[in-house]
Amino acid sequence: MIDLHAHTTASDGSLTPRQLVERAARQGVKALAITDHDTLDGLAEAFSAGQEFGVEIVPGLEISAEFPIGTMHILGYYIDTESQLLLENLAMLRQARNTRNPRIIKKLQELGLDITLAEVEEVAGGEVVGRPHFARVMIAKGYVQTANEAFEKYLAKGAPAYFDKARLDPQVALEVIKKAGGVSVLAHPYQLKTKSNEELTKIIADLKMMGLDGLEVIYSRHSTQQVADYQALAQHYDLLVTGGSDFHGVTKPDIEVGIGLGQLVIPPVLLDHVKACAHHHKQILSQ
Ligand code: AMP
Ligand code: ZN
Ligand code: FE
Ligand code: FE
């Protein structure tokens, strides 16, 4: 069993990298990608825990890209963690959070909630502060029962305390990953919220032209139909197929590492293809 999408306390997951790797080992996960939002901070600890618990760690990250309708997230695997271009862009994305977050707090306070940025930052612990951390404080204070309710009532796009933050242009996100020798994968395509398969096809075609390497076909919240559609798209555009749970711990309590909602099956051979692609990119970079 493998899992190519999981979050730690370095971003908005609730387990430390070591706790996550230990849990993955207990679930029987043989290879695990750490894909925190906008940071590489969890990787070093994950690698040493990988040694300790016998789990192969795949270095990764998840970048927020600009997209008008829904959410566009781009995963990067086997990136050079010393790439200055990558590190600068990630610092910019974290700064964009630090610009947005006080606005969310102000709005929540106006709506009558007793909540401070210091409380949210304390829950976050690390350098990436995201909406799931707001949700956790709101749950702790009894304003909502679940993270999902916090998003629906306050934090999601269209809800009263939603504020946009600067993201990377998709082309830039793909370039940054490529120049860091990494493999780029469009995460959870259903979250783009495209109106039709035609529209999705066009977006995938555009991204492919910009250098996209793969599609996250297998995902906790993809229906059987979605998996089939995305699989066909990946095949048509000669994209790698990947799969991951998007495990976050307490903010997505129904999702378990390795198995998602219980139904995930991610063939280990998919990781072999990702590795071959990364190897190829690194060869080109070194020429
Ligand atoms: P942010 O990065 O601060 O914009 O927050 C977005 C993150 O919140 C996503 O990447 C998800 O991990 C998480 N998220 C989005 N919607 C929900 C939801 N309904 N319940 C729990 N977590 C969510
Ligand atoms: Zn997240
Ligand atoms: Fe995501
Ligand atoms: Fe994710």
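Predicted model: local features only at pLDDT ≥ 70, side-chain atom pairs only at ≥ 80, totals over all residues.

Visitor: OK. How many strands are in the sheet, and in what order?

Guide: Seven strands, in an open sheet with the order S1-S2-S3-S4-S5-S6-S7. The pairing is mixed.

Visitor: Which strands stand at the edges?

Guide: Strand S1 (2-3) and strand S7 (240-244). Each has a single partner strand, so one side of each has no neighbour in the sheet.

Visitor: And what does helix H7 touch?

Guide: H7, residues 170-179, packs on the sheet and touches S3, S4 and strand S5 (183-186). Its direction makes about 10° with that of S4.

Visitor: Let's zoom in on S3. How many of its residues are buried?

Guide: Nine of the 10 residues in S3 (residues 56-65) are buried, so the strand is mostly covered.

Visitor: Does S3 run parallel or antiparallel to S2?

Guide: Parallel: four bridges join S3 to S2, which spans residues 31-34. One pair of bridge partners there is Ala33 and Val58, with Val58 on the S3 side.

Visitor: Which residue stands opposite Ile63?

Guide: Ile74 in S4. In that strand you'll also find His73, the bridge partner of Ser64.

Visitor: Switching to metals, what coordinates the iron ion (ligand 3)?

Guide: Glu62 through OE, His73 through ND1 and His188 through NE2, at 2.0 to 2.2 Å. Glu62 is in strand S3 and His73 in strand S4, 11 residues apart.

Visitor: What spacing do the donors follow along the chain?

Guide: For the iron ion (ligand 3), the spacing is E-x10-H-x114-H.

Visitor: Back to Glu62, is that buried or exposed?

Guide: Buried, because its relative accessibility is 0% and the cut-off for buried is under 20%.

Visitor: Why does His73 count as buried, then?

Guide: Its relative accessible area is 12%, and that also falls under the 20% cut-off.

Visitor: Last one: how far apart are the iron ion (ligand 3) and the zinc ion (ligand 2)?

Guide: Those two ions are 5.7 Å apart.

Notes: Residues numbered from 1 in each chain as written. Chains lettered and ligands numbered in written order. Heavy atoms only, no water. Buried < 20%, exposed > 50% of the residue type's maximum accessible area, 1.4 Å probe, protein only. Helix = DSSP H or I, 4+ residues; strand = E, 2+ residues; numbered from the N terminus. Pairing = 2+ DSSP bridges. Donors = N, O, S within 2.8 Å, 3.2 Å for Na, K, Ca; no water. Contact = heavy atoms within 4.5 Å. Axes fitted to C-alpha atoms, helices over the stretch in contact; angles between N-to-C directions.
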